[in-house]
Amino acid sequence: MSELPANTVTEPIPHCDLLAGVNPLRAEILAAVARVVDSGWYILGREVEQFEREFAEFHGAGSAVGVANGTDALCLALRACGLQPGDAVVTVSHTAVATVAAIEQGGFVPVLADIDPQR
């Protein structure tokens with residue numbers, strides 16, 4: 001058996017530290033969760049209204065609307081573009097399933113396109 005080179009890493013490298021982003025905000029996150037639990041408003045409510053106001057303000061927008069997930073957000077964005085049911089929406093062939101789901105949710109027709117930088 002041959003020896004490993006001197007610069008070989010022999011200790012496992014952690015994949016990711018999920019607490020790195022949480023720990024600095026831990027008290028604030030737990031306080032927000034407690035407010036939601038204590039209010040009994042798990043859908044919509046004051047916390048969502050506050051988030052929408054702060055998000056709009058942060059982005060310099062007049063308003064913002066929180067939605068359930070990214071699929072709903074994509075579907076609403078497509079509708080906001082003025083598309084009508086049956087309109088084609090072209091997206092890359094290697095997209096996430098949620099992209100096609102959003103297109104279909106809006107009643108649009110997904111068209112998957114391959115990308116060739118040489119053409």
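Modeller: A salt bridge is a side-chain nitrogen of Lys or Arg within 4 Å of a carboxyl oxygen of Asp or Glu. The model discussed here is predicted.

Biologist: Why is the contact of E47 and R35 called a salt bridge?

Modeller: The side chains of E47 and R35 meet at 2.7 Å, N to O. The cut-off is 4 Å, so a pair at 2.7 Å counts as a salt bridge. Side chains of opposite charge can pair when their charged atoms come close.

Biologist: How many salt bridges does a search of the whole structure find?

Modeller: The search finds one.

Biologist: Which parts of the chain does the pair link?

Modeller: The pair links distant parts of the chain, with E47 in helix α2 (residues 46-58) and R35 in helix α1 (residues 26-39). The two residues are twelve apart.

Biologist: What makes E47 partly exposed?

Modeller: Its relative accessible area is 25%. Buried means under 20% and exposed means over 50%, so a residue in between, such as E47, is called partly exposed. R35, at 42% relative accessibility, also falls in between and therefore counts as partly exposed.

Biologist: Why is L44 called exposed?

Modeller: L44 has 57% relative accessibility. The cut-off for exposed is over 50%, so L44 counts as exposed. The residue sits in the loop between α1 and α2.

Biologist: Which elements does the protein have, and in what order do they run?

Modeller: The protein has four helices and two strands. From the N terminus on, the order is α-α-α-β-α-β.

Biologist: How do you know how the radius of gyration of the protein stands against that of a compact globule?

Modeller: For 119 residues, a compact globule would have a radius of gyration near 14 Å, whereas the protein has 22 Å. The C-alpha trace spans about 65 × 55 × 25 Å along its principal axes.

Biologist: How much of the protein counts as buried?

Modeller: Of the 119 residues, 11% count as buried, the cut-off being under 20% relative accessible area. The accessible surface comes to about 9900 Å², and carbon and sulfur atoms hold 61% of that area.

Biologist: How many side chains are positive and how many negative?

Modeller: There are 6 positive and 15 negative side chains. The centres of the two sets lie 8 Å apart.

Notes. Residues are numbered from 1 along each chain as its sequence is written. This is a predicted model: local features need pLDDT of at least 70, side-chain atom pairs count only at pLDDT 80 or more; totals for chains, interfaces and linings use all residues. Side-chain values use heavy atoms; hydrogens and water are left out. The radius of gyration is taken over C-alpha atoms; the globule rule is 2.2 Å times the number of residues to the power 0.38. Buried means under 20% relative accessible area, exposed over 50%, partly exposed in between (1.4 Å probe, protein chains only). Accessible areas come from the Shrake-Rupley method with a 1.4 Å probe; for residues, only the protein chains shown count as cover. Lys and Arg count as positive and Asp and Glu as negative; His and the chain ends are not counted. The place of a charge is taken as NZ of Lys, CZ of Arg, CG of Asp or CD of Glu.
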